[in-house]
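Work through the exercises below with the sequence and the coordinates open. Each task is followed by a solution in steps.

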Amino acid sequence: MILEVAGLSTAYRSQAVLRDVSFSAPEGELIAIVGPNGAGKSTLIKTILGLTPSLGGSVSVFGRPIGDVRTRIGYVPQRESVDWDFPTHALDVVMMGRYGRLGWFRRPGRKEKAIAMECLAGVGMEAFAERQISQLSGGQQQRVFLARALAQDADLYFMDEPFAGVDAATEKAIVELLRRLRSEGKTVIVVHHDLATVPEYFDSVLLLNVTVQAFGPTAEVFTETNLQRTYGGRVAFAVAATGQAKGAEA
Amino acid sequence: MSMDFWILLTGSLAAVSCAVLGCFLILRRMALMGDAISHSVLPGIVVAYMISGSRDSILMLVAAAIMGLLCVFLIQWFNNRGIQSDASIGVIFTSLFAIGVVLVSLNARQVDLDLDCVLYGEIAYTAWNTLQIGGMDLGPRSVWLLGGTLLLVLTVIGLFYKQFKLCAFDPMLALALGIPAALFHYLLMGLVSVATVSSFESVGAILVVGLLVIPPSTAYLLTDRLGAMILISAACGVASTVLGFALAVWLDASIAGCIVAAAAILFAVTFLLSPKHGLLFARLRRTRLSRSTA
């Protein structure tokens, strides 16, 4: 198991956001985290990564505490979490993915630039390298974020809603990227909101609503009963249960 | 060397320190943090003065830096416990400033600390207060103090440029990469405190906020690169000093006031005329666009 989470809990003020979350992620899979708004999906990722404090529980990655293995972990935050008017360009943002490997004092140089350029090419964005980031479309910004995660050259990736608000071309590019990562033996954990595409895109799924509702291979776990339990009465359709129908969303 | 030279040098050194640090403040949407820090260092200054009896001590810088960091810490602490961030800033810095004012007034007899001087600065007297070591006159104290501060600011920002940049743009990624974002937050705030204190004698605790915020805001309108923004900001700081001094001589007015007013004029002109973000060119582009689509 590449990631083991045991009994993880967090709270915002006095409200529980995550309660006793435990699961073990197998290596080399694309894994979706799915659940209604306020289920704690982003918080789960951030707590695993140690970006927000936990009230209890433990996380081990590659069998080690997370602090020891940060260079092997890639992270794509939500696109809205940063200020896209920041005075910088696409290539520079991608190079930030290398900062963790540079240590305290080394500056990014020619090698980092070359790697960043390669990663931009990997998401079809090499033509926009020098473009100020506010002049990119939402989908292009998301691809820059993905390129930055590629630049981290990790074995385990966490992505927070990478498909949110992107155009069809970007969605396709992201799916291709995810599959390429899987074929290289990487593990990718994705917060996802579009139930209809879960069976097509992901090998395993974690259904979350403050607590883990179900976790396992998509074919076994992504059932109507489990979705009903996760979303309460709000999933009034059975489409996603089999993954045959498309176009509907919670 | 002439008095004018020392005034210009003092003003420029203060302006550049503030202009560089200010870039990170405004990009982190913390422009008002500079305001808060510059006011809350007052009690630190007074206490240090009461202990050491001098205005030029290192103790004063240290005490002020501690007060500045305490201010930042308290703002964060209250903010985390449900007080709105702007309210939290307002509560903390006015309270600390009030403590400083009370301390000054209580000790008015023993403490020869002119509140006007703290608030508004007096750069005109720069040349008279010189540093003497072993009978040698080494030039104005404030030049040494501000020069040292600028050196410190440039060294720290230069060494950790990538960390400061990433923490300003995406603190979550910084943390995920194992970069201690909180450390760099307090390091930046500590530098702002030191720059504020070493500038207060020349420009005063209130106008120093202008030097922290206005030149970076001007630079922000002129470039899309952080490195360029910092350089332009520093240049704007020096230009404001020179322009402001000329203005002050011409009007026979407060030098510090004129320097910040000059910075404001540069900002206003840039806001109107900047090719990238200026009002004029934006309007021209819109007219052209509406003509071409009409």
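The exercises that follow concern a predicted model.

**Exercise 1. Strand E7 of chain A**

Task: Determine how many residues of strand E7 (residues 187-191) of chain A are buried, and which strands pair with E7(A).

Solution. 
1. Apply the cut-off for burial, a relative accessible area under 20%. By this test 5 of the 5 residues of E7(A) are buried.
2. Sort these residues by face. Thr187(A), Ile189(A) and Val191(A) lie on one side, and Val188(A) and Val190(A) lie on the other. Both faces are therefore covered, given that a residue under 20% counts as buried.
3. Look for the partners. Strand E3 (residues 30-34) of chain A runs parallel to E7(A) and is joined to it by 4 bridges. Strand E6 (residues 156-160) of chain A also pairs with E7(A) in the parallel sense, over 5 bridges.
4. Find what stands opposite Ile189(A). In E3(A) this is Ile31(A), and in E6(A) it is Phe158(A).

**Exercise 2. Helix H2 of chain B**

Task: Compare the span of helix H2 (residues 31-52) of chain B with the expected value, and locate its kink.

Solution. 
1. H2(B) has 22 residues. From its first C-alpha to its last it reaches 32 Å, close to the 32 Å expected at 1.5 Å a residue.
2. The kink, of about 30°, lies at Leu42(B).
3. For burial, 16 of the 22 residues of H2(B) are buried, and the helix is mostly covered.
4. The residue that follows H2(B) is Gly53(B), with a positive phi near 70°.

**Exercise 3. Salt bridges**

Task: How many salt bridges are found over all chains, and what is the setting of the pairs Asp83(A)–Arg29(B) and Glu176(A)–Lys172(A)?

Solution. 
1. The search of the whole structure finds 10 salt bridges. Side chains of opposite charge can pair when their charged atoms come close.
2. Asp83(A) and Arg29(B) meet at 3.1 Å, N to O. Asp83(A) lies in the loop between strand E5 (73-76) and helix H2 (90-95) of chain A, and Arg29(B) in the loop between helix H1 (3-27) and H2 of chain B, so this pair joins two chains. Arg29(B) is exposed, at 64% relative accessibility.
3. Glu176(A) and Lys172(A) meet at 3.7 Å, N to O. Both lie in helix H6 of chain A, 4 residues apart, which is about one turn of the helix. Glu176(A) is partly exposed at 49%, whereas Lys172(A) is exposed at 56%.
4. A network of salt bridges links Arg72(A), Asp153(A), Asp155(A) and Lys186(A).

**Exercise 4. Chain B as a whole**

Solution. 
1. The C-alpha trace spans about 75 × 50 × 35 Å along the principal axes of chain B.
2. Of the 294 residues of chain B, 52% count as buried.

Technical notes:
Residues numbered from 1 in each chain as written. Chains lettered and ligands numbered in written order. Predicted model: local features only at pLDDT ≥ 70, side-chain atom pairs only at ≥ 80, totals over all residues. Heavy atoms only, no water. Buried < 20%, exposed > 50% of the residue type's maximum accessible area, 1.4 Å probe, protein only. Pairing = 2+ DSSP bridges. Expected span 1.5 Å × (residues − 1). Bend = angle between axes of the 7 residues up to and from the residue. Salt bridge = Lys/Arg side-chain N within 4 Å of Asp/Glu carboxyl O.
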